[in-house]
Amino acid sequence: MDTRVVGIDPHNIDHQQLKRAGALIRDGGLVAFPTETVYGLGANGLDADAVGRIFEAKGRPPDNPLILHISCAGELDRLVKEVPQRALTLMDRFWPGPLTLIFKKSYLVPETVTAGLDTVAIRMPSHPIAMNLIKYAGVPVAAPSANISGKPSPTRAAHVIRDLSGRVDMIIDGGDVTVGLESTVAEVTGEEVVILRPGGITLEQIREVARDVALDPAIEGDILRGVPKAPGMKYTHYSPEADVIIIEGHTQRVVAAIERMAQQLQEQGKRVGIMATEQTEALYRHGLVISVGDREDPSTIAAGLFAALREFDALGIDVILAEGIEQKGVGLAVMNRLLKAAAYHVIKA
Ligand code: TXA
Ligand code: MG
């Protein structure tokens with residue numbers, strides 16, 4: 001398949017181009033596009049065949065349901081059975097933006113989208129290209145992250161091109177995304193709001209507007225606590241080719257431990273990558289060091305994390321030693337993704 005790459009400036013949108021991309025989606029094609037979180041791979045969410053092609057292109061397990069993306073809240077009603085009050089409160093505060101809500105699905109949503117579940121995930125992205133593309137498609141857009149299943153999610157068009165070129169009809173290059181990791185997924189069908197996947201909207205932010213908020217125990221960094229409720233959370237995910245080891249503890253001790261391990265691994269002939277932060281990058285003498293962001297501001301680390309994992313792969317690194325960060329704010333989502341990339345391999349310094 002020939003993949004067309006189209007550059008669109010999010011600050012000065014070429015609406016003719018986006019209208020053509022929207023029509024392509026409506027007519028059953030696959031279009032990758034930027035959202036504020038990560039790039040998505042979009043198809044007509046009401047067309048089971050088109051949705052099936054998403055699973056093929058990504059090599060995605062068929063039991064992992066997709067998110068439907070909408071461009072205005074009015075589109076919600078026909079896709080879901082009911083909109084609980086707590087959902088309205090969250091939508092009011094966080095839509096458009098990186099929050100996905102799980103509702104009871106209506107008959108209109110194909111089973112391929114929900115992988116046979118009776119619930120459906122819905123999100124309204126805030127990125128201007130995503131917004132307009134969905135509007136022009138005129139249908140809800142089913143879109144997972146635009147990576148090959150298991151790889152880190154794409155935060156720039158080059159990542160999508162690398163993974164999906166030849167497998168999709170169009171890739172819209174709208175530059176780097178801003179959040180850098182996926183939306184928060186929250187279930188609103190029961191008595192409390194249950195966060196199934198931490199993401200761009202933090203637990204703390206949700207607690208500001210909702211009374212009963214719980215974390216799915218399976219995401220608290222402990223895989224032994226049960227099967228996650230978001231099917232996608234059970235897969236080893238976000239994994240680069242290299243082995244990833246997380247080192248946690250006081251920053252000084254973490255740096256010392258990483259430095260020691262890097263030296264030992266290098267002596268064994270391994271190519272070592274160090275995922276550092278602005279505060280620590282200058283302290284390492286061994287390994288190939290990439291700073292992902294500012295330790296004091298986890299949102300900068302979120303923005304740099306997936307690109308860094310991909311960069312280490314491009315450099316042929318065998319082992320990535322990553323500094324752990326505090327699981328507060330977006331740091332919870334950062335560590336959730338990093339723990340998966342590391343297959344929960346953590347060393348306390
Ligand atoms: O930020 C994002 O959410 C990006 C952009 C493109 O919007 N999309 C994304 O999609 O991350 P994906 O498919 O990579 O992740 C969707 C997650 C998976 O963990 C999936 O299992 C979960 O949402 N999910 C979808 N429908 C669900 C449902 N009905 N019940 C529980 N979990 C669901
Ligand atoms: Mg994904």
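What follows goes from the domains to the sheet, then to one helix and its surroundings, and finally to the salt bridges and some backbone details.

The model is a predicted one, and its chain is assigned two domains, domain 1 covering residues 4-219 and domain 2 covering residues 243-348. Taken over C-alpha atoms, the centres of the two domains are separated by 29 Å, and the contact between them draws on 25 residues from domain 1 and 15 residues from domain 2. Together the two domains bury about 1,500 Å² between them, and 59% of this area is on carbon and sulfur atoms. On the side of domain 1, Pro152, Leu181 and Pro198 supply 34% of the area buried against domain 2, which is more than any other three residues supply.

Turning to the strands, the reader will find an open sheet of 11 strands with mixed pairing, in the order 1-8-2-3-7-4-6-5-9-10-11. Strand 1 (4-7) and strand 11 (213-215) are its edge strands, each of them pairing on one side only. Strand 5 (residues 99-104) pairs with strand 9 (residues 184-187) in the parallel sense over 4 bridges, with Leu99 standing opposite Thr184 of strand 9. With strand 6 (residues 119-123), by contrast, strand 5 pairs in the antiparallel sense over 5 bridges, and here Thr100 stands opposite Arg123. Strand 5 is mostly covered, since 5 of its 6 residues are buried.

Which elements does the buried side of helix 3 pack against? The buried residues of helix 3 (residues 85-94) are Ala87, Leu90, Met91 and Phe94, and because they cover an arc of only 100 degrees around the axis, they lie on the same side of the helix. These residues pack against strand 5, strand 10 (193-197) and helix 7 (203-209). The face of helix 3 turned away from this buried side carries Gln85 and Asp92, both of which are exposed. The loop between helix 3 and strand 5 holds Pro96, and the peptide bond that leads from Trp95 to Pro96 is cis, with omega near -10 degrees.

The structure holds 9 salt bridges, and several of them can be followed in detail. Asp163 forms a salt bridge with Arg310, the closest N and O atoms being 2.9 Å apart. This pair links distant parts of the chain, as Asp163 is in helix 6 (residues 157-164) and Arg310 is in helix 9 (residues 298-314), 147 residues apart. Asp163 counts as buried because its relative accessibility is 10%, and Arg310 likewise counts as buried, at 11%.

A salt bridge also joins the side chains of Arg337 and Glu182, at 2.8 Å from N to O. Arg337 lies in helix 10, whereas Glu182 lies in the loop between strand 8 (170-173) and strand 9, so the pair ties together parts that are 155 residues apart in sequence. Both Arg337 and Glu182 are buried.

The side chains of Glu248 and Lys348 meet in a salt bridge as well, again at 2.8 Å from N to O. Glu248 is in strand 12 (residues 243-248) and Lys348 is in strand 16, and the two are 100 residues apart. In this pair Glu248 counts as buried, since its relative accessibility is 18%, while Lys348 counts as exposed, at 64%.

Two backbone details remain. Ala115 has a positive phi of about 55 degrees although it is not a glycine, and its place is in the loop between helix 4 (111-114) and strand 6. Because its relative accessibility is 27%, Ala115 counts as partly exposed. Tyr344, which is also a residue other than glycine, has a positive phi near 65 degrees, and lies in the loop between helix 10 (331-341) and strand 16 (346-348). At 23% relative accessibility, Tyr344 counts as partly exposed too.

Terms used: Residues numbered from 1 in each chain as written. Chains lettered and ligands numbered in written order. Predicted model: local features only at pLDDT ≥ 70, side-chain atom pairs only at ≥ 80, totals over all residues. Heavy atoms only, no water. Buried < 20%, exposed > 50% of the residue type's maximum accessible area, 1.4 Å probe, protein only. Pairing = 2+ DSSP bridges. Arc of directions from axis to C-beta. Contact = heavy atoms within 4.5 Å. Domains from an automatic or database assignment. Buried area = accessible area lost by both parts, 1.4 Å probe. Salt bridge = Lys/Arg side-chain N within 4 Å of Asp/Glu carboxyl O.
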